[in-house]
Each structure stands twice: as C-alpha cells, then as structure tokens.
Amino acid sequence: MKKKQSLSASIITFNEEKNLERCLLSIKDICHEIIIVDSLSSDSTLKIAREFGCKIFSQPFLGHIKQKQLALEKCTGDWILCIDADEAVSEELKREIMRFVSSNPEIHGISINRLSNYFGKWMKFVWQPDWNIRLIRNGYAYWGGYNPHDKIIVKGKTDRLKGYLYHYPYKDIMDHFNKTIKYSSIIAEEYYKMGIKARWYHLLFSPHIAIFKKLILKFGILDGIRGIIISSLTGWGVFIKYFNLFVLQRQKYFEKF
C-alpha cells in the first residue's frame, strides 16, 4: 500500500495584503502546510498569514532566487507547490493537483499554465501560453535562472497538468510601469554580471522587435487595448534594460582611468 503523499506550499512575501488572502483561500484545502518567507512586510501580510495558520519565517530580501530557494528548503511535504502571493489555483487545477499527488507517479516536476488578469480581463493571447514548473517532488528541484527571471530546475522527469494558475500581476497602470522599470534595471545588472553587452542597435531595434512579437506574433492585438498597452510597456522595458546596461558599461569603463 502506497504511503499517502503530503503537499506543502512555498510562498515569498513583501507587503502582499491585497493579494495574499486570495492566494491562501485557493490552496488551504489541499496543502498540509504553507510556508511563507517574508521580507519584513509593514502592512497586514503577516496578520493574514497567521489567520491561515501559515508557518512564517522572516528574512530580509536576498534576491528572488535565493529568497524562493530558502522558502523551498523550509518545506517538509513530499510534494511542494511553489506559488507567488499574486497567484491563485483554479478549481480545475486544484482537482488535478490532488489527483496527481495522490497517485504518486514517477514524475519529479509539473508545469502549470499561468493565466494573467490585466485590470479585470483575462489575457488570452499576449501572455499565453505561460507554462512554468510549479509543482515539484521534494528534493528533486531548486530555483535557478537569473534575477528577476527565476525558474525551477528539475532533476528528473517532468509533465503538465490541466487547469490554470491565475495571476494578478499589477494593481494599476502605474504599478505596471514602475515594475517594468524596476525589473528592467535588475535584468541590466544581471546581464552585466554575465558579460552581456549593450550595443547601439539594441537600443534602436530591440524595443520595436519586442513590441512586434507581443502585438503581432503573440496576437496581443486580439486582447484589445490591454494587449496594446502590455506590448508597448514590454518594448519600453527592453529599452530601459539596454539603456541601463549601456550606462553600466560606460561607468565601469571610465572607472579604469
């Protein structure tokens, strides 16, 4: 007789009072423990977490990868659902996860398609599909990639599940704009560390290429005005990324003299 499999949830938080309750409501019935690593929130995030019986650990922010890896290592379940505070599990996905975990298959990681809500409407084209490994067998995966584009690396077999992981990435247009600048700046620093160079043609052409890919190749135009805004801000983010990288290169160059 197979041992009943347990499921942990792994979440990192910082001032997520507007999102966390929705996230926890969607997973509380399927997880035997919910681990939260919080980077010193000053709002009601921890109060909400305590109400749901989460195990809370405080840790000043180490960067996306290290912070999520720390949360992962705190989990004790046979399986771990890695979820962000601005995400929620759909009912179909919840059933799929319960069925999958209880069957205890010889699989080590599961990809889940994330469906993003942009100001009240689900984006069915510009951000689709958005497959991410989020359900893993404990001990067979770790967080890798580069900040802020972290991803789970699985040491073993992977598969996919039906159902959506709902995503609510931005509070309003200014939140989207500010996060675009913030993340583009972080990526520029990561690119510099990796030895990637910014050239004049990156500043001139790459933003337009990014817009074309989102708006035309990904059919973002079919998402209406929201798809156009997302595509435009994607191009803006690419410009900021290469501009910051260009500035970093010049600063380091002149520091030699």
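Where is D130 found in the chain? D130 sits in the loop between β7 (121-122) and β8 (131-137); helices (H or I, at least four residues) and strands (E, at least two) here are DSSP runs, numbered from the N terminus. Before going further, note that this is a predicted model, where local features need pLDDT of at least 70, side-chain atom pairs count only at pLDDT 80 or more, and totals for chains, interfaces and linings use all residues. Residues are numbered from 1 along each chain as its sequence is written, and side-chain values use heavy atoms, with hydrogens and water left out.

Back to the loop. Leaving aside its neighbours within four places in sequence, D130 is in contact (heavy atoms within 4.5 Å) with I112, N113 and R114.

Another loop residue is G53, between α2 (45-51) and β3 (55-58). G53 and V89 are 36 residues apart along the chain, and their C-alpha atoms are separated by 18 Å.

How do these residues fare for burial? Buried means under 20% relative accessible area, exposed over 50%, and partly exposed in between (1.4 Å probe, protein chains only). Here are four of them:

| Residue | Relative accessible area | Class |
|---|---|---|
| C23 | 0% | buried |
| C31 | 12% | buried |
| D130 | 18% | buried |
| G53 | 56% | exposed |

Now for the cysteines. A disulfide is a covalent bond between the sulfur atoms of two cysteines. In this model, a disulfide is taken as a pair of cysteine sulfur atoms within 2.5 Å, and the count by this rule comes to zero. For C23, the closest cysteine sulfur is in C54, 8.6 Å away, which is too far for a bond. C31 is in no disulfide either: its nearest cysteine sulfur, that of C23, is 9.0 Å away.

Zooming out, the chain has seven helices and 11 strands. Its radius of gyration is 20 Å, close to the 18 Å that the globule rule gives for 257 residues, so the chain is as compact as a globular protein of that length. (That radius is taken over C-alpha atoms, and the rule is 2.2 Å times the number of residues to the power 0.38.) Along its principal axes, the C-alpha trace spans about 65 × 45 × 40 Å.

Of the 257 residues, 48% count as buried. As for contacts between residues at least 6 apart in sequence, 75% join residues at least 24 apart.
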